[in-house]
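Please find below a note on the structure under review. It is arranged as numbered points.

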Amino acid sequence: MSKPAPIPSRQQILDWLNDNPDQGAKRDIARAFGVKGQAKIELKRILKDMAEEGLIEKRRRNFRDPNVLPPVSVLRVMREDSQGDQWAEPAEWTGDGPAPLVLFVPKDGDPTLAEGDRILGRLTPVEDEDYGYEARLIRKIGQASHRIVGIFRKNAEGGRIMPIDKGVGNEWQVPAAVTQGAKDGELVEAEQTGPRGRMGLPKARVIEVLGDPSAPKAVSLIAIHQHGIPDDFPDAVVAEADAAEPAPLGDREDLRKLSFVTIDPADARDRDDAVLVIRDDDPKNEGGFLIWVAIADVAHYVTPGSELDREARKRGNSTYFPDRVVPMLPDRLSGDLCSLHENVDRAVLAVRMKIDAQGRKVSHRFTRGMIRSVGSLEYGQVQSARDGNPDEKTEDMVEEIIDPIYEAYEALKHARAIRQPLELDLPERQIVIGDDGHVASIRFKERLDAHKLIEEFMVLANVAAAEELEKLRRPLLYRVHEEPSLEKIEALREVAQASGFNLAKGQVLQTAHLNNLLSQSEGSEFDELINISTLRSMTQAYYAPTNYGHFGLALRSYAHFTSPIRRYSDLIVHRALILGHGWGKDGLSAWDIENLEDTAKQISDTERRSMVAERDTTDRYLAAYLSDRVGSEFTGRISGVQKFGAFVKLDETGADGLIPIREIGREFFHFDREAQELVGSDTGMVITIGQRVRVRLSEAVPITGGLMLELLEVEGQGMPSGDGKRRKGRRPGTRPPRKGPGKGPRKPARDAAKKKAVARKVKRTRKS
C-alpha cells in the first residue's frame, strides 16, 4: 500500500499557481500534489485560509494568486506612450501594489484601439522588462468609456457622483468596491462601467480622488481633468529635457552685439520672443526701419521623433489658467533654455524685415543665430519710458532702443489702416488670484501701445515666415481663418439694423465693411453688443497645410512662427525653415511631412480643448467671486436668447448669467428663433439681444460656474404683469389665430412692439 502524499505547504501552493495560472481549481492542485481521500479536506482548509488572508483568490471554484493575471484577461486600453506603444491594464486588480503594465502587441488586421477601450486579451508573462505581460487581442468587448468629474456623495451602496459639468444631467452610481476611498463631498474623476438600467443610474468607478472642491486652485484642476488635458510629463520626457544643454554658437549667425529686448506681461511665464528696431540709413529707404524679431530655437531641443516631440504634439499647445499653466514643454526648456533671459546667450531663429516709411514690408531675411538680450522688460515699464517716465532700468534705453520701436510702429499703423484687418474692441478680463488661492479681484486688462506694437511686429514676422516657405516650396502649417457664412452675416445684419446701424448688402464681404459697422457703433450704447455680435459671426480659426487665407487679419498668407514654446504649429514652421535653408538635421522630417494633415487636425482640436477649459475655469472663478453677493442687483445687456431663457452679460465683471424663462414676467413668452426674440403672449413685450437690463443675482454655483438671474427692468422699464394664462389654441413660438373668417394669420403684437423698440433705439443712437 503506497504512502499518501504529504499536504503541500503554502509556499509550494503559491509557486505551483504561479507556474500554472490556468489550472487554479482545487481538483487541479490536489492532482498536482497527489493529495487524495481524507487529505483533500485538509487541503481545502488550507486553501480557504489562504483565500481569507488574501494570499490567493477564489473564483468559480478556482484558486489563483491575486498578484498574477490569468492567461486570458479583460484589459482596459491606456494612452499610447511617446514611442507609439499601446499599453493596457487589467480591468480588475485585487493584488498587492499597483496593477501590472501590459504591452499590447498588435497583429495585422487588429482594429485600432483608443484609450479606455476594453479588450479580451491572451497574456504572456515576460521577464527582465519593466512591464509584466504582453497581450494579443482576442476580441474587442467595449468602446472607450465616458468620463466625468463630479462631487462624490457617500451612501450605503457605495456612493453617487453629482456631475459638475452643466451639460451632464444624470448622477452616477458607484459600488462600494470601486470608490477608491473617496469621502463624502470630495471631488472625483470617474468613468462609466455600465449602462443605465431601466430603474437605476449609470454605473461608474472612481479613477482618481481630487480632494476638496472648495480648496484653492481646485477650479483649474477641475477643468484639467474634465477636459482631459495632460498635466504630468512622463519620466522619459522629463529626463530628455533635463539632459539638454545650451545650444552652441557653431554655424549660427552671431547676433549678440545687437541690442535685443524682450517685452512681456509682468507675470510672464516664458519669454520666447525678442525685438530690435534700427532706423534704416539706406538713402533709398528714407524714413524706413529694420525690424528684427528673434524667436527661441525650440527645434534645436525638440527634434523630430524624440520623446519631447511626441509629447509636445500630443499636447498641441500650452493651456493658461489664472492660477497655473499647463505647458507644452517641461520647465527646463520653457522656463530656461528656450526663454530669452537678459544677459544670457540664447539660440534663436530670427527674421530681419525692412519696411518703408509707410510701413510696407520691402524685404525680409531669415537666419539661425545667437542673441543676448540686453533687457527683460514689461509692457507698462516700456510705455512709461516712452511717455517720459523711465525707471532706472529703461532710462538709458529710451533713445536708442525704445523710441525706434514706437517709430516703426507708427509706420506699421499706416499699412494696417490700408489693409483694414478686423478692428474688434473687446476688453479682456483678468482674474487676479490672491495669496490664499481665491479670487482677489476681476478687472479688465489695460491695452497700451506697448501691447499693440509687439502684436504688430509678430504679425509681420508670421507673414514673412509664410511667404518665405512658399518661396522655398516647403510644406508648412498655415493659420487659416475663413470668411463667415452668409447665414451668420445675415444674423449680424439684423442685429445691426435693430440697433440703428447699417451693414452693406449685395457685395463681397470684406473686413472694411465690418469695421465700418464697428465704427458706427463706437461710443454708443450698442458698442459692446455690435463687437460681440461681430465676433460671434466669425468662423473658428484653425491650422491646415493648405492656404485658405486669413480673413480677420486681411492677409493672403499667414503662419504661426513666433511662439514655438507654447504652440506646436510654430515648431513645425521652424522645422520647415531649417529644412528649406539647410541649417541642420533637425528640420522637418519625412514623417512630419507625411502626417502634416493629421498634425493640423490634432493641434486644432487641442487648441479648442484649451479654449473651452480656460473659458469654463473663468466661469467658475466668476461664480465663486459673486457667490457672496447673491441677492444683489446688477446692470447688464442681453447677450443671447433661447427658448429656455435669456443670457445677460453683467457690466461689472463681464460674467454671463441665465434668466430662466420662468423668471421673465408673469406671462408666457414665446421664442422666435428666426428673430432671436422672446415675445410676451399678453403684452407683446420683446426680449432681444442688446437690450439694457437690471437683474438680481438669485444663484451662483462655483462648482459648475452657473449664474442664475431674475429680470427686474428692461430698457429702464419695470416688468409688466400678465395674467400668466396660456392663450387658448396657441402654442409657444406660434402666432395667435386670426379672429373671424380671415385668410391667414394676423400680424402679431410682436411686430408692432419690435418696430417701436427699433424706433426708440434709432432715436437714442442719433441723439448720441
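1. Basis. This is a predicted model, in which local features need pLDDT of at least 70 and side-chain atom pairs count only at pLDDT 80 or more, while totals for chains, interfaces and linings use all residues. Residues are numbered from 1 along each chain as its sequence is written, and side-chain values use heavy atoms, with hydrogens and water left out.

2. Overall make-up. The chain has 17 helices and 34 strands; helices (H or I, at least four residues) and strands (E, at least two) are DSSP runs numbered from the N terminus. Of its 768 residues, 48% count as buried, that is, under 20% relative accessible area, with exposed meaning over 50% and partly exposed in between (1.4 Å probe, protein chains only). The accessible surface comes to about 38,500 Å², and carbon and sulfur atoms account for 48% of that area; areas come from the Shrake-Rupley method with a 1.4 Å probe, and for residues only the protein chains shown count as cover. Among contacts (heavy atoms within 4.5 Å) between residues at least 6 apart in sequence, 65% join residues at least 24 apart.

3. Antiparallel strands. Strand 8 (residues 147-155) pairs with strand 9 (residues 158-163) in the antiparallel sense over 6 bridges; two strands pair if DSSP finds at least two bridges between them. A hairpin of 2 residues joins strand 8 to strand 9, and R153 has R160 of strand 9 as its bridge partner. Strand 9 also pairs with strand 10 (residues 172-175), again antiparallel, over 4 bridges, with I161 opposite W172.

4. Strand 13 runs parallel to strand 20 (residues 361-372) over 2 bridges, and D254 stands opposite M370 of strand 20.

5. Nonpolar cores. A nonpolar core is a set of buried Ala, Val, Leu, Ile, Met, Phe, Trp, Tyr and Cys residues joined through side-chain atoms within 4.5 Å. The largest has 88 residues, and those with the most contacts inside it are I291, V293, L333, F457 and F561. Helix 10 (residues 449-472) supplies the largest share of this core, 11 residues. Leaving aside residues up to four places away in sequence, F457 touches V275, V277, I291, V293, M353, I405, A408, Y409 and L412. A second, separate core of 47 residues includes L622, F671, I687 and L711.

6. A buried alanine. A646 is found in strand 27 (residues 645-650). Why does A646 count as buried? A646 counts as buried because its relative accessibility is 0%. Beyond residues up to four places away in sequence, A646 touches I638, G640, V641, G657, L658, I659, L678 and I687. A646 and I689 are 43 residues apart in sequence, with 8.7 Å between their C-alpha atoms.

7. Cavities. The structure holds 2 cavities of 30 Å³ or more. On a 1 Å grid over the protein atoms alone, a cavity is a set of points where a 1.4 Å probe fits but cannot get out, and lining residues have an atom within 4 Å of a point. Grid points are joined across faces, edges and corners, and a volume is the space filled by probe spheres set on the points. The largest cavity holds about 60 Å³ of space and is lined by E528, L529, I532, R536, R637, I638, S639 and K649. Helix 13 (527-537) and strand 26 (633-642) are the elements that give two or more residues to this lining, and helix 13 gives the most, with 4 residues.

Notes
1 Å grid on protein atoms, 1.4 Å probe; cavity = no way out; pocket = protein on both sides within 12 Å on 5 of 7 lines; lining within 4 Å.
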